[in-house]
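Subject: Model handover and notes

Hello,

Here is the model we discussed, followed by my notes on it. Please read them with the coordinates open.

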Amino acid sequence: MPNILDDIIASVVENKIPPNRTSKINVKSEIKEEPKNNRKSISDDNNRLFNHIPHSWICNKHVLWLSDHGNSNNWRLFKECWRQGKVVLVSGIHKKMNASLWKADFISSDFGDLKADLLNCKDSITASGSVKEFWDGFEEISKRQKSKNGETIVLKLKDLPSGDDFKTMMPARYEDLLKSLPLPEYCNPEGKLNLASYLPGFFVRPDLGPRL
């Protein structure tokens, strides 16, 4: 029967391992592969759960298109899309809105005297300008600013108005927009599924808008 102690001593001498240390043993842990999620995508053709909601899938089934903005069950399908990080497009909202309130020339007439930050979309430089200047060129390219080399400048109106300022400055437009929002359970600032609107006061709440 072999002498186990002699074998250990021989191993220590051969490998020059200090007697107060043990040799490092590499133990490879067995990595188990996580089971794949076998849940079918909500865009599967054989899914009958949402047939009562007018919708279709576009962009290789990456985008959900809700064609009836007023369907009271839209939020159910939207909820499933949100879980999977899919984009949702809702059409027909303009049919519920008062179009005269949202025409560029009307907004320019009502609020043209205000000053605002205008962002140059090409170089990201922000400069102060009049709201009238922005809205007058919104639909008529000929009225837009030109750069030194003659290029037409594409401007973005920054944060005017937003949140509570929108409600105070444009009450009629604010009410018209809110009553026309799709998926009011999520999109309305007071929607029952709009969790951000229910955060306690000591949280820094995100700007829920709306904004132009």
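Helices (H or I, at least four residues) and strands (E, at least two) are DSSP runs, numbered from the N terminus, and two strands pair if DSSP finds at least two bridges between them. This is a predicted model, in which local features need pLDDT of at least 70 and side-chain atom pairs count only at pLDDT 80 or more, while totals for chains, interfaces and linings use all residues. Residues are numbered from 1 along each chain as its sequence is written, and side-chain values use heavy atoms, with hydrogens and water left out.

Three strands form an open sheet in the order 1-2-3, with mixed pairing. Its edges are strand 1 (55-58) and strand 3 (87-90), each of which pairs on one side only. On average, neighbouring strands are turned by 25° against each other, direction ignored (axes are lines fitted to C-alpha atoms, for helices over the stretch in contact, and angles run from 0 to 180 degrees between N-to-C directions).

Strand 1 and strand 2 are antiparallel and share four bridges; here S56 has W65 of strand 2 as its bridge partner. Four residues lie between the strands of this hairpin, and C59 takes a positive phi near 55°.

Strand 2 (residues 63-66) runs parallel to strand 3, again with four bridges. V63 stands opposite V87, and L64 has V88 as its bridge partner.

E185

E185 lies in helix 7 (residues 184-187). E185 is buried yet has no salt bridge (a side-chain nitrogen of Lys or Arg within 4 Å of a carboxyl oxygen of Asp or Glu). The nearest side chain of opposite charge is K192, 5.6 Å away; Lys and Arg count as positive and Asp and Glu as negative, with His and the chain ends not counted. Leaving aside neighbours within four places in sequence, E185 is in contact with S72, W75, G191, K192, L193 and N194.

Regards

Methods. Buried < 20%, exposed > 50% of the residue type's maximum accessible area, 1.4 Å probe, protein only. Contact = heavy atoms within 4.5 Å.
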